[in-house]
Amino acid sequence: MRTTVELIGADTVGTGGLELSLVVPVFNEEESVGPLIARVQEAMAGYAGRWELILVDDGSTDATLTAARSAIGREGLELRIVAMQRNFGQTAAMQAGITEARGRLIATLDGDLQNDPKDIPAMVAELERRELDLLVGWRKNRQDGLVLRKIPSWIANRLIGRITGVRLHDYGCSLKIYRGSVIKQVRLMGEMHRFIPAWVANVVPSSRIGEMPVTHHARQHGVSKYGISRTFRVILDLLSVLFFMKFKARPGHFFGSLGLGIGALSALILFYLFIDKFILGNDIGTRPLFLVGIMLFLSSVQMITTGILAEMLARVYFKDDSSLSYVVREIYSRDQQNP
C-alpha cells in the first residue's frame with residue numbers, strides 16, 4: 001500500500017510521457033460506466049498528448065466493476081481501475097485516483113454522465129494559456145432541481161467564497177483540471193472534495209486558480225447520491241476548512257484567543273461582583289451573575305489548556321503525516337488483469 005507521494009516538477013511531463021490523467025470516482029454506476037468510457041474516448045480522440053483514464057470503484061455493490069473491467073484492453077484506451085476495498089466516500093476515492101495518476105496534468109469528473117468529457121481538452125488549453133494551477137468547471141446552465149440542488153448550492157458557493165477568500169461560482173463541480181505537482185501536495189480527507197480550491201489556495205496563490213463555463217447534463221441513469229441533508233454537512237465542513245486554513249499550524253492561537261476573550265469577560269464580571277460585595281456590601285452568593293462569572297472562568301481555563309494540547313497534536317501531525325484514509329483492494333490495467 002502506498003503511503004507517500006512523490007512530487008513531480010510543475011513543468012515536467014508525467015511518468016512515461018503521460019500528459020493527462022483523467023480520474024473518475026464511481027459508485028453503483030453500472031448503467032453509466034460503459035457510456036462514460038465511450039464518451040471519454042470519443043472526447044479525447046483529438047487530444048495531442050498521451051493520456052490515461054483512471055476509474056476508482058468506491059466499493060460498488062452492483063456490476064460497476066465488471067462493466068468497467070470489460071473495457072480494459074480496448075484499442076486507443078489506456079485504462080486503469082482502482083478497486084477500493086469498501087465504500088470510503090467520494091473524497092477518499094478521488095484521493096486514491098489522484099495518488100495513482102501519473103500525468104503532468106490531472107482532470108477529475110463525476111461518473112454519472114452529468115459532466116461532459118468534451119470540455120476537458122478546452123479546459124486543458126485554457127489552464128495552460130492562463131498559466132493556472134487549477135481550473136474549475138462552472139456549471140453555468142446547471143441541469144438540476146431548483147429547490148433541492150440549485151438554491152442550496154448558490155448559498156453554499158457564496159458562503160464558501162466569503163469565508164475562504166477564493167471566490168468561484170461553482171465549488172461543487174467535479175470537473176476540474178489540476179497541475180499534478182500541485183494537487184499531490186493536498187491531502188483530501190473526510191468530505192473535503194467540495195473545498196478543493198480552498199485547499200489548493202493553501203499551496204499556491206489564489207490568483208493561480210480560475211474557472212471556466214462547462215456543459216452540464218441531467219442525470220440519465222441511477223439516482224443522485226446527495227440530498228438536502230448535504231447542506232448541513234457543508235456548513236460543518238466549512239467550519240473545519242476555515243480552522244485548517246487559518247490555524248492548522250497554530251491551533252493554540254485559535255483556542256487561546258477564545259480562552260483569553262472568555263477569561264477577560266469573566267474577569268470583568270468577577271471584578272464588578274468584588275466591588276459590589278466588599279465595597280457596596282451587597283450579597284452576591286445567590287446572584288446568577290456570580291455563577292456565570294465562575295463558569296466563564298472555568299471555560300477560559302479549558303480553552304487555553306485545549307489550545308496547548310492542540311499545539312502538541314499539531315506537532316505530531318506534521319512529524320508523521322503519511323497515513324491514508326482508504327484501502328485499495330486491487331488495481332486493474334492492460335498489463336495486470338486479476339482473475
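In this protein chain, 82% of the contacts between residues at least 6 apart in sequence join residues at least 24 apart; a contact here means heavy atoms within 4.5 Å. What you're looking at is a predicted model, where local features need pLDDT of at least 70, side-chain atom pairs count only at pLDDT 80 or more, and totals for chains, interfaces and linings use all residues. Residues are numbered from 1 along each chain as its sequence is written, and side-chain values use heavy atoms, with hydrogens and water left out.

**The overall picture**
- The protein chain holds ten helices and eight strands, taken as DSSP runs (helices: H or I, at least four residues; strands: E, at least two) and numbered from the N terminus.
- There are 339 residues in the protein chain, and 46% of them count as buried. Buried means under 20% relative accessible area, exposed means over 50%, and partly exposed is in between (1.4 Å probe, protein chains only).
- About 17,100 Å² of the protein chain is accessible surface, with 60% of that belonging to carbon and sulfur atoms. Such areas come from the Shrake-Rupley method with a 1.4 Å probe, and for residues only the protein chains shown count as cover.

**Two spans marked by UniProt**
- An unreviewed UniProt entry puts "transmembrane region" at residues 254-275 and 287-310. UniProt positions follow the numbering used here, feature names are shortened, and annotations may be inferred rather than shown by experiment.
- Residues 254-275 are 100% helix and 0% strand, with 32 Å between the end C-alpha atoms.
- Residues 287-310 come out at 96% helix and 0% strand, and here the end C-alpha atoms are 35 Å apart.

**Helix α1 and its buried side**
- With 14 residues, α1 runs 21 Å from first C-alpha to last, close to the 20 Å expected at 1.5 Å a residue; that expected span is 1.5 Å times one less than the number of residues.
- Ser32, Val33, Leu36, Ile37, Val40, Gln41 and Ala43 are the buried residues of α1. They sit on the same side of α1 because they cover an arc of only 160 degrees around the axis, judged by the directions from the helix axis to the C-beta atoms.
- What do these buried residues of α1 pack against? Their partners are β1 (18-26), β2 (50-57), α2 (64-69), β3 (79-84) and α4 (119-129).
- Take Gln41, which is found in α1 (residues 30-43) and counts as buried at 18% relative accessibility. Leaving aside residues up to four places away in sequence, Gln41 touches Trp51, Arg74, Glu75, Gly76 and Leu77.

**Salt bridges**
- The whole structure has 14 salt bridges, each a side-chain nitrogen of Lys or Arg within 4 Å of a carboxyl oxygen of Asp or Glu.
- Arg80 pairs with Glu52 at 3.3 Å, N to O. That links distant parts of the chain, with Arg80 in strand β3 and Glu52 in strand β2, 28 residues apart.
- Arg80 is buried at 12% relative accessible area, and Glu52 is buried at 0%.
- Arg80 also forms a salt bridge with Glu100, the closest N and O atoms being 3.6 Å apart. Since Glu100 lies in helix α3 (residues 90-100) and Arg80 in strand β3, this pair ties together parts 20 residues apart in sequence.
- Within helix α4, Glu126 and Arg129 are three residues apart, so about one helical turn separates them; their side chains meet in a salt bridge of 2.8 Å, N to O. Glu126 is buried at 19%, whereas Arg129 is exposed at 60%.
- A network of salt bridges links Glu19, Arg104, Glu128, Asp133, Arg179 and Arg208.
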